[in-house]
Amino acid sequence: MHSASIDRTAVAALRAERIDWRFKGLPSTTFGATVGEVADRRLDLFTDGFIGPLVVLDAAALEHNLATMESWCERHGVALAPHGKTTMSPQLFTRQLDHGAWAITAANASQLRVYRAFGVSRVLLANELVDPAALRWLADELAADPAFEFICWADSVAVVEAMTEALGDPARPVDVLVELGATGGRTGARDADTASAVARAIAESPALRLVGVGGYEGALAHDSSEQSKSTVDAYLEAVRDLALRLHGEGRFDGLDRVVVTVGGSAYFDQVAAALTRPWPSDLPVLPVVRSGAYVTHDDGFYRGISPLGRTEGEQPFRSALRAWAQVTSKPQDDLALLTIGKRDASFDEGLPEPQVVRSGGVERPLTSTSVTALNDQHAFLALTEDGVEVGDWIGLGLSHPCTVFDKWQLIPVVDGTTVVDFIRTFF
């Protein structure tokens, strides 16, 4: 089981991009310089001209999370195909691959094109792919690069028929997993009989090859309650049963690797436990989890639900995300307005969490404030005892990294308050 590769020359070339007004929050003194030149200057967030709002990544927390997930997957016998949509950052993809990731997961064809622009050699597309233009482009990519491995999902015979018609007679067949869903879930065949019919259609298609079973449990449960865990376990058992049924029907005959993949960032421990239970000796299952949020973790949704945070004896992930915004108005003693809003920070899984205030170069914790609402460009900071004044910087924890990165094209990576690198995103 070897990690996918990436075009490191293309990734390194990102350091040659020139900084200008396109990139929010950066000092005007950096305009015209390359990303690499500015990273090498080791600028300070608060004394070298950065302007708020600004989202930054903590270098030590990033490395901790990458190493922790790599170690966890090794110990539990699963491959990792992290969902790249979380960050859409080739630099972070590279670090994930360096830490043992077997593949990078995508959700749609536009993301796949970004991955291929940077030479990602193995991609899971955890979704159905039926767009004719995207399929023709994919067929050309597969034909041009024998080292490129690609797998997507199908959950109905209609999907299989649409793919087959669009692909025609490709130079290489497209590898497909049967996706099993569940009532109340998202995509996926709703029962084993339907999934079996989909597998049969894939096997009969001249343009496709059946290589395993896939699914997603995150749409079925949203907390760490025993009821949610039981719901997830029941679904995982159904995924196992489907893989065994298709094996019994001879659908995987001749394959030296059968991919069985489930798993977001909330229940990957249960996924690993289910997929690494013994399989028949003639069924060569590769169990794959697809968590993406682990790379930065958060100070909200995943902090409360991550398996490593709620399992005794495990090393938890650390939040690598922090937003900085200034107090721009204090119209009442109990209210301050910050220069950050929905255009800058996530809000779909919880509002930003005030953590520290920085005033006159001195940083201290905030203990009795909260963000109560966000407008497009303002955050409402409710005050009780904490002394906060106009011009102060507020450091905020963020929830749900997947809706943070898409708001920032170039994100500083910091060691304390020193900028040591930049992460480029492509949404």
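**Sheet, helices, pocket and cavities**

Let's begin with the sheet: 8 strands form an open sheet, and their order is S2-S9-S8-S7-S6-S5-S4-S3. The pairing is parallel. Keep in mind that this is a predicted model.

Which are the edge strands? They are strand S2, residues 79–80, and strand S3, residues 104–106. Each of them pairs on one side only.

A general point for anyone new to sheets. Strands pair through backbone hydrogen bonds, and the pairing is either parallel or antiparallel.

Take strand S7, residues 208–214, and strand S8, residues 258–261. They pair in the parallel sense, over 3 bridges. Look for Gly212 in the model. Its bridge partner in S8 is Val259.

Next, two helices. Helix H9 covers residues 226–248, and helix H10 covers residues 268–275. Their axes come within 10 Å and cross at roughly 35°. The crossing of H9 and H10 is right-handed. Which residues make the contact? From H9, we have Lys229, Val232, Asp233, Leu236 and Arg240. From H10, we have Gln270, Val271, Ala274 and Leu275. By class, this contact of H9 with H10 has 5 nonpolar residues, 1 polar and 3 charged.

On to the open spaces. How much space lies in the largest pocket? About 610 Å³. There are 29 residues lining this pocket. The closest to its centre are Lys85, Arg186, Tyr216, Gly264 and Tyr302. Find those five on screen and you have found the pocket's centre.

Which elements supply the lining? Strand S4, residues 122–128, and helix H11, residues 301–305, each supply at least two residues to the lining of the largest pocket. H11 gives the most, with 3 residues. The lining of the largest pocket divides into 13 nonpolar, 11 polar and 5 charged residues.

Last topic: cavities. How many cavities of 30 Å³ or more are there? The count comes to 3. The largest cavity has a volume of about 50 Å³. Its lining is made of Glu179, Leu180, Gly181, Ala182, Gly185, Arg186, Thr187, Tyr216, Ala219, Leu220 and Tyr235. That lining divides into 6 nonpolar, 3 polar and 2 charged residues.

Arg186 and Tyr216 line the largest cavity, and both are among the residues closest to the centre of the largest pocket.

To recap the sheet: 8 strands, paired in parallel, with S2 and S3 at the edges. Over to you for questions.

Conventions
Residues are numbered from 1 along each chain as its sequence is written. This is a predicted model: local features need pLDDT of at least 70, side-chain atom pairs count only at pLDDT 80 or more; totals for chains, interfaces and linings use all residues. Side-chain values use heavy atoms; hydrogens and water are left out. Axes are lines fitted to C-alpha atoms, for helices over the stretch in contact, and angles run from 0 to 180 degrees between N-to-C directions. Helices (H or I, at least four residues) and strands (E, at least two) are DSSP runs, numbered from the N terminus. A crossing is left-handed if the near helix is turned anticlockwise from the far one by less than a right angle, and right-handed if clockwise. Contact means heavy atoms within 4.5 Å. Ala, Val, Leu, Ile, Met, Phe, Trp, Tyr, Cys and Pro count as nonpolar, Asp, Glu, Lys and Arg as charged, and the others, Gly among them, as polar. On a 1 Å grid over the protein atoms alone, a cavity is a set of points where a 1.4 Å probe fits but cannot get out, and a pocket is an open set with protein on both sides within 12 Å along at least five of seven lines; lining residues have an atom within 4 Å of a point. Grid points are joined across faces, edges and corners, and a volume is the space filled by probe spheres set on the points. Two strands pair if DSSP finds at least two bridges between them.
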